[in-house]
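User: I would like to go through the labels used for this model and see what stands behind each one.

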Amino acid sequence: MSITVVGSIAFDAVETPFGVRERMLGGAATHFALAASLLDQVRIVGPVGDDFGEAELAVLRTRGSNIDDVERVAGGKTFFWKGKYGWDLNTRETLDTQLNVFEHFAPKLSEGSRAADVLFLANIQPGLQLQVREQCEMAKFVALDSMNLWIDIARDELVKIIEQVDCLVLNDEELRQLTGKPNLISAAREILGWGPSMVVAKQGEYGSALITADEFFALPAYPLPTVVDPTGAGDTFAGGFVGFIASRIGEELSGEVLRNAMAYGTALASFNVERFGTEGLEAVQAAAVHERVVDLHRFARFEPITADLIS
Ligand code: AMP
(Lines give C-alpha, C1' and ligand atoms only; values in the text may rest on other atoms or scores of the structure.)
Protein backbone atom coordinates (compact mmCIF):
# COMPACT_ATOMS: atom_id res chain seq x y z
CA MET A 1 0.00 0.00 0.00
CA SER A 2 1.28 3.51 -0.61
CA ILE A 3 0.33 7.17 -0.32
CA THR A 4 1.21 9.79 -2.90
CA VAL A 5 1.37 13.36 -1.62
CA VAL A 6 1.66 16.53 -3.68
CA GLY A 7 2.03 19.91 -2.03
CA SER A 8 4.54 22.53 -1.07
CA ILE A 9 8.10 21.61 -0.20
CA ALA A 10 9.45 24.79 1.29
CA PHE A 11 11.92 26.88 3.17
CA ASP A 12 10.07 28.60 6.00
CA ALA A 13 11.01 31.63 8.09
CA VAL A 14 9.10 31.60 11.35
CA GLU A 15 8.82 33.85 14.38
CA THR A 16 6.96 32.66 17.48
CA PRO A 17 7.07 34.06 21.05
CA PHE A 18 9.55 31.25 21.78
CA GLY A 19 12.12 31.81 19.06
CA VAL A 20 12.97 32.73 15.50
CA ARG A 21 14.11 30.61 12.56
CA GLU A 22 15.28 32.43 9.42
CA ARG A 23 15.27 29.40 7.14
CA MET A 24 14.17 25.90 7.96
CA LEU A 25 12.79 23.01 5.98
CA GLY A 26 9.00 23.17 5.77
CA GLY A 27 6.10 22.86 3.39
CA ALA A 28 2.78 21.09 3.55
CA ALA A 29 3.96 17.96 1.72
CA THR A 30 7.07 17.76 3.90
CA HIS A 31 5.15 17.83 7.19
CA PHE A 32 2.55 15.42 5.84
CA ALA A 33 5.18 12.93 4.66
CA LEU A 34 7.08 12.99 7.95
CA ALA A 35 3.89 11.98 9.76
CA ALA A 36 2.38 9.55 7.23
CA SER A 37 5.70 7.71 6.85
CA LEU A 38 5.18 6.30 10.36
CA LEU A 39 2.11 4.47 9.05
CA ASP A 40 2.68 3.63 5.40
CA GLN A 41 4.98 3.98 2.39
CA VAL A 42 4.92 7.60 1.13
CA ARG A 43 5.83 9.03 -2.28
CA ILE A 44 6.41 12.80 -2.41
CA VAL A 45 5.64 14.85 -5.55
CA GLY A 46 6.78 18.45 -5.96
CA PRO A 47 9.54 20.73 -7.24
CA VAL A 48 12.47 22.24 -5.35
CA GLY A 49 15.15 24.69 -6.48
CA ASP A 50 18.86 24.10 -6.63
CA ASP A 51 19.08 25.83 -3.25
CA PHE A 52 17.62 22.60 -1.83
CA GLY A 53 20.51 20.53 -0.53
CA GLU A 54 21.33 16.90 0.25
CA ALA A 55 20.55 17.47 3.93
CA GLU A 56 16.99 18.55 3.10
CA LEU A 57 16.50 15.67 0.66
CA ALA A 58 17.64 13.31 3.41
CA VAL A 59 14.88 14.63 5.70
CA LEU A 60 12.29 14.06 2.96
CA ARG A 61 13.54 10.45 2.75
CA THR A 62 12.85 9.89 6.48
CA ARG A 63 11.45 6.40 7.18
CA GLY A 64 11.91 5.40 3.54
CA SER A 65 9.71 7.99 1.81
CA ASN A 66 10.27 7.88 -1.94
CA ILE A 67 11.50 11.13 -3.57
CA ASP A 68 11.76 10.01 -7.22
CA ASP A 69 9.10 12.62 -8.09
CA VAL A 70 10.77 15.48 -6.22
CA GLU A 71 11.95 17.49 -9.20
CA ARG A 72 15.13 19.56 -8.80
CA VAL A 73 14.64 22.63 -11.05
CA ALA A 74 18.01 23.92 -12.28
CA GLY A 75 18.34 27.65 -11.62
CA GLY A 76 15.08 27.66 -9.64
CA LYS A 77 14.39 28.69 -6.07
CA THR A 78 12.46 26.58 -3.58
CA PHE A 79 9.00 27.76 -2.41
CA PHE A 80 9.40 30.22 0.48
CA TRP A 81 6.94 31.15 3.23
CA LYS A 82 7.38 33.53 6.15
CA GLY A 83 4.99 33.72 9.09
CA LYS A 84 4.74 35.27 12.51
CA TYR A 85 2.74 34.03 15.51
CA GLY A 86 1.49 36.17 18.35
CA TRP A 87 1.17 35.16 21.99
CA ASP A 88 -2.02 33.38 20.95
CA LEU A 89 -0.48 30.65 18.79
CA ASN A 90 -3.84 30.05 17.09
CA THR A 91 -3.47 33.24 15.09
CA ARG A 92 -0.66 33.87 12.65
CA GLU A 93 0.21 36.41 10.05
CA THR A 94 1.68 35.46 6.68
CA LEU A 95 4.46 37.97 5.95
CA ASP A 96 5.67 36.54 2.63
CA THR A 97 4.79 33.79 0.14
CA GLN A 98 7.08 33.14 -2.84
CA LEU A 99 5.82 30.34 -5.11
CA ASN A 100 9.13 30.26 -7.04
CA VAL A 101 9.49 26.79 -8.68
CA PHE A 102 5.75 26.11 -8.14
CA GLU A 103 4.87 28.89 -10.58
CA HIS A 104 5.76 26.84 -13.68
CA PHE A 105 5.40 23.36 -12.21
CA ALA A 106 3.54 20.79 -14.32
CA PRO A 107 3.38 17.57 -12.33
CA LYS A 108 4.27 14.41 -14.29
CA LEU A 109 3.95 11.49 -11.93
CA SER A 110 6.00 8.33 -12.23
CA GLU A 111 4.25 4.99 -12.63
CA GLY A 112 4.75 4.25 -8.93
CA SER A 113 3.16 7.51 -7.75
CA ARG A 114 0.20 7.12 -10.11
CA ALA A 115 -0.48 3.65 -8.74
CA ALA A 116 -0.95 4.79 -5.12
CA ASP A 117 -4.06 3.56 -3.27
CA VAL A 118 -4.27 6.79 -1.33
CA LEU A 119 -3.66 10.34 -2.54
CA PHE A 120 -3.19 13.43 -0.41
CA LEU A 121 -3.48 16.77 -2.18
CA ALA A 122 -1.68 18.95 0.34
CA ASN A 123 -1.95 22.72 0.25
CA ILE A 124 -0.85 24.21 -3.09
CA GLN A 125 -2.54 25.88 -6.09
CA PRO A 126 -5.84 24.02 -6.73
CA GLY A 127 -4.94 23.80 -10.45
CA LEU A 128 -1.92 21.65 -9.58
CA GLN A 129 -4.05 19.52 -7.25
CA LEU A 130 -6.43 18.91 -10.18
CA GLN A 131 -3.58 17.87 -12.48
CA VAL A 132 -2.36 15.33 -9.93
CA ARG A 133 -5.88 14.03 -9.20
CA GLU A 134 -6.32 13.29 -12.92
CA GLN A 135 -3.13 11.21 -12.97
CA CYS A 136 -4.04 9.07 -9.95
CA GLU A 137 -7.05 7.22 -11.30
CA MET A 138 -6.45 4.13 -9.14
CA ALA A 139 -6.66 5.95 -5.81
CA LYS A 140 -9.27 4.44 -3.50
CA PHE A 141 -9.16 7.32 -1.02
CA VAL A 142 -8.32 10.95 -1.82
CA ALA A 143 -8.04 13.75 0.74
CA LEU A 144 -7.39 17.44 0.19
CA ASP A 145 -6.18 20.43 2.20
CA SER A 146 -6.17 24.07 1.14
CA MET A 147 -6.08 27.56 2.65
CA ASN A 148 -7.64 31.03 2.63
CA LEU A 149 -5.25 32.30 -0.10
CA TRP A 150 -6.70 29.82 -2.65
CA ILE A 151 -10.29 30.49 -1.51
CA ASP A 152 -9.55 34.18 -2.21
CA ILE A 153 -7.86 33.86 -5.60
CA ALA A 154 -8.80 30.45 -7.08
CA ARG A 155 -12.18 29.49 -5.56
CA ASP A 156 -13.69 28.00 -8.76
CA GLU A 157 -10.77 25.62 -9.29
CA LEU A 158 -10.79 24.78 -5.61
CA VAL A 159 -14.47 23.81 -5.67
CA LYS A 160 -13.82 21.71 -8.80
CA ILE A 161 -11.14 19.66 -7.07
CA ILE A 162 -13.14 19.35 -3.83
CA GLU A 163 -15.89 17.70 -5.89
CA GLN A 164 -13.40 14.96 -6.79
CA VAL A 165 -12.14 13.96 -3.34
CA ASP A 166 -13.41 11.77 -0.49
CA CYS A 167 -12.24 13.96 2.36
CA LEU A 168 -11.71 17.71 2.81
CA VAL A 169 -9.40 18.84 5.63
CA LEU A 170 -9.63 22.57 6.34
CA ASN A 171 -9.47 25.11 9.18
CA ASP A 172 -12.73 26.04 10.84
CA GLU A 173 -12.77 29.62 9.58
CA GLU A 174 -11.76 28.53 6.07
CA LEU A 175 -14.75 26.16 5.95
CA ARG A 176 -17.01 29.09 6.74
CA GLN A 177 -15.20 31.34 4.23
CA LEU A 178 -15.43 28.71 1.49
CA THR A 179 -19.14 28.02 1.92
CA GLY A 180 -20.42 31.35 3.23
CA LYS A 181 -22.16 29.33 5.97
CA PRO A 182 -22.11 30.71 9.50
CA ASN A 183 -21.04 27.66 11.49
CA LEU A 184 -19.01 24.50 11.24
CA ILE A 185 -21.91 22.04 10.93
CA SER A 186 -23.79 23.93 8.24
CA ALA A 187 -20.52 24.56 6.34
CA ALA A 188 -19.52 20.87 6.55
CA ARG A 189 -22.99 19.70 5.44
CA GLU A 190 -22.81 22.02 2.43
CA ILE A 191 -19.47 20.45 1.44
CA LEU A 192 -20.79 16.91 1.95
CA GLY A 193 -23.34 17.87 -0.73
CA TRP A 194 -20.52 18.67 -3.20
CA GLY A 195 -19.04 15.15 -3.23
CA PRO A 196 -16.74 14.39 -0.27
CA SER A 197 -18.01 11.79 2.22
CA MET A 198 -16.19 13.42 5.15
CA VAL A 199 -14.96 16.80 6.32
CA VAL A 200 -12.27 17.29 8.96
CA ALA A 201 -12.20 20.73 10.59
CA LYS A 202 -8.83 21.72 12.06
CA GLN A 203 -9.27 23.89 15.14
CA GLY A 204 -5.68 24.61 16.18
CA GLU A 205 -5.01 24.21 19.88
CA TYR A 206 -8.66 23.15 20.36
CA GLY A 207 -8.19 20.01 18.28
CA SER A 208 -10.26 18.81 15.35
CA ALA A 209 -13.72 17.61 14.41
CA LEU A 210 -14.87 15.00 11.91
CA ILE A 211 -18.22 15.36 10.18
CA THR A 212 -19.79 12.71 7.93
CA ALA A 213 -23.43 12.21 6.88
CA ASP A 214 -24.14 10.31 10.09
CA GLU A 215 -21.27 11.01 12.44
CA PHE A 216 -19.78 13.86 14.45
CA PHE A 217 -16.58 13.23 16.39
CA ALA A 218 -14.33 15.80 18.04
CA LEU A 219 -10.97 15.35 19.74
CA PRO A 220 -9.12 18.01 21.72
CA ALA A 221 -5.50 18.67 20.86
CA TYR A 222 -3.11 16.59 23.00
CA PRO A 223 -2.66 18.65 26.19
CA LEU A 224 0.95 19.85 26.14
CA PRO A 225 2.66 22.19 28.58
CA THR A 226 5.10 23.39 25.91
CA VAL A 227 4.26 24.46 22.37
CA VAL A 228 7.01 26.32 20.51
CA ASP A 229 6.02 26.32 16.81
CA PRO A 230 2.61 25.30 15.41
CA THR A 231 3.81 25.53 11.77
CA GLY A 232 2.83 22.39 9.92
CA ALA A 233 0.59 21.05 12.69
CA GLY A 234 -2.35 20.79 10.28
CA ASP A 235 -0.31 18.90 7.68
CA THR A 236 1.14 16.61 10.34
CA PHE A 237 -2.38 15.91 11.60
CA ALA A 238 -3.40 15.10 8.03
CA GLY A 239 -0.38 12.78 7.71
CA GLY A 240 -1.46 10.80 10.77
CA PHE A 241 -5.14 10.79 9.77
CA VAL A 242 -4.63 9.79 6.13
CA GLY A 243 -1.71 7.50 7.02
CA PHE A 244 -3.89 5.52 9.41
CA ILE A 245 -6.64 5.20 6.78
CA ALA A 246 -4.03 4.09 4.21
CA SER A 247 -2.79 1.40 6.58
CA ARG A 248 -6.37 0.02 6.70
CA ILE A 249 -7.26 0.39 3.03
CA GLY A 250 -9.30 -2.56 1.81
CA GLU A 251 -11.20 -2.71 5.12
CA GLU A 252 -14.50 -0.94 5.59
CA LEU A 253 -13.95 2.74 6.50
CA SER A 254 -16.01 2.41 9.67
CA GLY A 255 -16.59 5.13 12.26
CA GLU A 256 -14.12 3.26 14.49
CA VAL A 257 -11.36 3.46 11.85
CA LEU A 258 -12.04 7.17 11.30
CA ARG A 259 -11.99 7.95 15.04
CA ASN A 260 -8.68 6.15 15.43
CA ALA A 261 -7.34 8.01 12.40
CA MET A 262 -8.25 11.24 14.24
CA ALA A 263 -6.32 10.02 17.29
CA TYR A 264 -3.17 9.27 15.26
CA GLY A 265 -3.38 12.66 13.55
CA THR A 266 -3.79 14.40 16.90
CA ALA A 267 -0.94 12.50 18.57
CA LEU A 268 1.47 13.15 15.70
CA ALA A 269 0.59 16.85 15.51
CA SER A 270 1.54 17.14 19.18
CA PHE A 271 5.12 16.08 18.44
CA ASN A 272 5.30 18.58 15.59
CA VAL A 273 4.43 21.62 17.72
CA GLU A 274 6.86 20.83 20.56
CA ARG A 275 9.85 21.77 18.40
CA PHE A 276 10.59 24.04 15.43
CA GLY A 277 9.88 22.96 11.85
CA THR A 278 10.43 19.28 11.12
CA GLU A 279 12.59 18.58 14.21
CA GLY A 280 9.84 16.92 16.25
CA LEU A 281 8.70 14.48 13.58
CA GLU A 282 12.25 13.62 12.50
CA ALA A 283 13.02 12.45 16.02
CA VAL A 284 9.74 10.81 17.06
CA GLN A 285 9.70 7.10 17.98
CA ALA A 286 6.76 4.73 17.47
CA ALA A 287 6.46 3.88 21.18
CA ALA A 288 6.02 7.55 22.12
CA VAL A 289 3.29 7.94 19.48
CA HIS A 290 1.41 4.94 20.82
CA GLU A 291 1.60 6.28 24.36
CA ARG A 292 -0.10 9.52 23.31
CA VAL A 293 -2.73 7.69 21.26
CA VAL A 294 -3.61 5.60 24.33
CA ASP A 295 -3.86 8.81 26.41
CA LEU A 296 -6.23 10.29 23.83
CA HIS A 297 -8.51 7.26 24.01
CA ARG A 298 -8.59 7.70 27.77
CA PHE A 299 -9.36 11.45 27.54
CA ALA A 300 -12.17 10.94 25.01
CA ARG A 301 -13.97 8.11 26.84
CA PHE A 302 -16.65 8.50 29.46
CA GLU A 303 -19.61 6.42 30.54
CA PRO A 304 -23.00 8.09 30.46
CA ILE A 305 -24.58 8.99 33.82
CA THR A 306 -28.10 10.33 33.36
CA ALA A 307 -28.87 13.23 35.68
CA ASP A 308 -32.32 13.61 37.25
CA LEU A 309 -33.18 16.84 35.48
CA ILE A 310 -35.45 19.29 37.28
CA SER A 311 -38.24 20.62 35.14
P1 AMP B 1 0.12 24.64 8.45
O2 AMP B 1 0.77 25.27 9.66
O3 AMP B 1 -0.28 23.20 8.66
O4 AMP B 1 -0.99 25.47 7.89
O5 AMP B 1 1.21 24.57 7.30
C6 AMP B 1 2.33 25.40 7.23
C7 AMP B 1 3.15 25.04 6.00
O8 AMP B 1 2.41 25.42 4.84
C9 AMP B 1 4.46 25.79 5.96
O10 AMP B 1 5.52 24.86 6.10
C11 AMP B 1 4.48 26.50 4.61
O12 AMP B 1 5.64 26.29 3.88
C13 AMP B 1 3.26 25.96 3.88
N14 AMP B 1 2.52 27.02 3.19
C15 AMP B 1 2.24 28.28 3.64
N16 AMP B 1 1.55 28.98 2.71
C17 AMP B 1 1.39 28.15 1.63
C18 AMP B 1 0.77 28.27 0.34
N19 AMP B 1 0.19 29.41 -0.07
N20 AMP B 1 0.77 27.19 -0.49
C21 AMP B 1 1.35 26.06 -0.09
N22 AMP B 1 1.96 25.88 1.10
C23 AMP B 1 1.99 26.89 1.95
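Predicted model: local features only at pLDDT ≥ 70, side-chain atom pairs only at ≥ 80, totals over all residues.

User: Why is helix 1 called largely enclosed by the rest of the structure?

Analyst: Buried means under 20% relative accessible area, exposed over 50%, and partly exposed in between (1.4 Å probe, protein chains only). In helix 1 (residues 28-36), 9 of the 9 residues are buried, so the helix is largely enclosed by the rest of the structure. Among them are Thr-30, His-31, Phe-32 and Leu-34. Helices here are DSSP runs (H or I, at least four residues), strands are E runs of at least two, and both are numbered from the N terminus.

User: What makes helix 1 and helix 9 oblique to each other?

Analyst: Their angle is about 40°, with the axes 7 Å apart; helix 9 covers residues 233-247. Axes are lines fitted to C-alpha atoms, for helices over the stretch in contact, and angles run from 0 to 180 degrees between N-to-C directions. Under 35 degrees is roughly parallel, over 145 roughly antiparallel, 65 to 115 roughly perpendicular, and the rest oblique. The pair is therefore oblique.

User: Which residues of helix 1 meet helix 9?

Analyst: Ala-28, His-31, Phe-32, Ala-35 and Ala-36 do, against partners in helix 9 including Asp-235, Gly-239 and Val-242. Contact means heavy atoms within 4.5 Å. The contact residues divide into 6 nonpolar, 5 polar and 1 charged. Ala, Val, Leu, Ile, Met, Phe, Trp, Tyr, Cys and Pro count as nonpolar, Asp, Glu, Lys and Arg as charged, and the others, Gly among them, as polar.

User: Why is helix 10 also called oblique to helix 12?

Analyst: The axes of helix 10 (residues 255-273) and helix 12 (residues 286-300) come within 9 Å and cross at roughly 125°. That makes helix 10 oblique to helix 12. This crossing is right-handed. Tyr-264 and Phe-271 of helix 10 are among the contact residues, as are Arg-292 and Leu-296 of helix 12.

User: What makes a set of residues a nonpolar core?

Analyst: The set holds buried Ala, Val, Leu, Ile, Met, Phe, Trp, Tyr and Cys residues joined through side-chain atoms within 4.5 Å. The largest core here has 62 residues, and Ile-44 and Phe-241 touch the most other members. Helix 10 gives the largest share, 11 residues. A second, separate core of 45 residues includes Leu-99 and Cys-136.

User: Why do Arg-63 and Asn-100 count as partly exposed?

Analyst: Arg-63 has 31% relative accessibility, so it counts as partly exposed. Asn-100, at 22%, is partly exposed too. Arg-63 lies in the loop between helix 2 (54-60) and strand 5 (66-73). Asn-100 lies in the loop between strand 7 (92-98) and helix 3 (111-114).

User: What phi do Arg-63 and Asn-100 have?

Analyst: Arg-63 has a positive phi of about 55°, and Asn-100 a positive phi of about 45°. Most residues other than glycine have a negative phi.

Definitions and conventions
Residues numbered from 1 in each chain as written. Heavy atoms only, no water. Left-handed = near helix turned anticlockwise from the far one by under 90°.
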